[in-house]
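Trainee: Could you walk me through this model, starting with the sheets and then the rings and a helix?

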Amino acid sequence: MQKRALVVGLGIAGMSAAIGLRRAGWTPVIVERAPERRTGGYFIFMFPEGVQAAADLGIADHLHTRNPEWRPGGNSWSVDRRGRRKPALGLLDTPSGLAAVLRSDIEAALWQGITGDGAEDPVEVRFATTPVEMTEGAGGVRVLLEDAGTGKQYREDFDLVVGADGMRSSVRRMVFGPDEDYLANWKAMICAFQLKEQVPTYEASDSIIVSRPKRAMWVFGLADHAPCAWLTYRTEDIPDRFAGSSIEQVRAAFSGMDDDPVVRHVLDSLEEAPDHVFDSIHQVKMDRWSKGRVVLVGDAAWCMNTYSAMGSSSSLRGGAALGVALREHPGDLAAALDAWETGLRPYITSQRRSARIKQQRFVPSSRPVQVLVSGVLDVVRSVVHRRLAAEFTAAAAAVPSGPAR
């Protein structure tokens, strides 16, 4: 009989793990607490590791990327305190191999992978379903599941449980312990959403940075989609996510900056956005990602937070690697999970450490840091843009001209 795995969470980590499991000869079953598949999501980067993992999972052909075509002078601008814009180093300028996507682009490609295109059987997905209790025995894990629609509870046995249910993982709480044992508070907040239209006077694919000490606003331009806004600020007081209006909290955090046209446009757009993400920033730190027949993947295991810009890429890589480890150790689950973690942890540790440095770029901690970061980025931008301009000119020269008249 094929071994069965329960995957908790229909996000990037969960669907990646399900595809990896299926490729290893397992039968995955995904449960998702939401009543239907979420299709929204803000702008994210896919690093080369994530692009390679998408290929390893067989979803590369389904993945829609949205990199704007670079133009002389660049596509990115920073706005100073007087409202003056100057060319900036765009996050897509370097390194090569970055892909601009919406979260929904990755999830749509993964959904295509798990629902099947005729080559493989679709993965079973149960919406509005959550695990309530887990009991591990000698031969597997007995899980008490609850159907949110009917309230019905039922027990089911699995050979493996994969917790892919995010930073505040219910699987982690049930099996490993409370959130406070693993969540490191970074004393910062984020708000992200899709703009209805670009900031006036900017090109549709432009990216815009308005950065001040302890608060910053980014607009990410895309090739064939309205831009996405990403706001972040540092704070000693992390408000409850569900207390009061998140929009009011964001407006209060950016008070004094709303005389800038870019900031004003973004804040007004937030009022009109059909949905947005508003959350505190944490990292998840665990000495071990598995316990018996339960394993955590993605943000549930190693959330590096949004400043790392590696969340989606690491989730794709983690799911693909899990499948490889299970395939290479078909009769020994413990050995497979050990090999998976041993191979993946150095990469995760390296990326998690880099998040502190990246945070200073996204939201400087002080005025001196802002000046230092800006100066370094200006030097890097001049070098990178000279190279990109030369490549652009060479490519334009290589295009054959039309027939002479």
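Mentor: Happy to. An open sheet of six strands runs in the order β7-β2-β1-β11-β18-β17, with mixed pairing. Ground rules: this is a predicted model, where local features need pLDDT of at least 70 and side-chain atom pairs count only at pLDDT 80 or more, while totals for chains, interfaces and linings use all residues. Residues are numbered from 1 along each chain as its sequence is written, and side-chain values use heavy atoms, with hydrogens and water left out.

Trainee: Which strands stand at the edges of that sheet?

Mentor: Strands here are DSSP runs of E with at least two residues, helices are H or I runs of at least four, and both are numbered from the N terminus. Two strands pair if DSSP finds at least two bridges between them. An edge strand has a single partner, so one side of it is left without a neighbour in the sheet; that holds for β7 (124-127) and β17 (290-291).

Trainee: At what angle does helix α1 run to β2?

Mentor: Helix α1 (residues 12-23) lies across β1 (4-8), β2 (27-32) and β11. Axes are lines fitted to C-alpha atoms, for helices over the stretch in contact (heavy atoms within 4.5 Å). Angles between N-to-C directions run from 0 to 180 degrees, and α1 to β2 comes out at about 165 degrees.

Trainee: Now β4: which residue is the bridge partner of Trp 77 in β13?

Mentor: Strand β4 (residues 76-79) is covered on both faces, with Ser 76 and Ser 78 buried on one side and Trp 77 and Val 79 on the other. Buried means under 20% relative accessible area, exposed over 50%, partly exposed in between (1.4 Å probe, protein chains only). β4 pairs with β13 (residues 207-212) in the parallel sense over three bridges, and the partner of Trp 77 there is Ile 208.

Trainee: Which residue in the hairpin of β4 and β5 takes a positive phi?

Mentor: β4 and β5 (residues 85-87) run antiparallel, joined by three bridges, with Val 79 opposite Arg 85. The hairpin has five residues between its strands, and the one with a positive phi, near 85 degrees, is Gly 83.

Trainee: How many aromatic pairs does a search of the whole structure find, and why is Phe 45 with Phe 220 edge-to-face?

Mentor: Rings of Phe, Tyr and Trp (its six-membered ring) pair if their centres lie within 6.5 Å; planes under 30 degrees apart count as stacked, over 60 as edge-to-face and the rest as tilted. The search finds 14 pairs. For Phe 45 and Phe 220 the centres are 6.0 Å apart and the planes are at 85 degrees, so the pair is edge-to-face.
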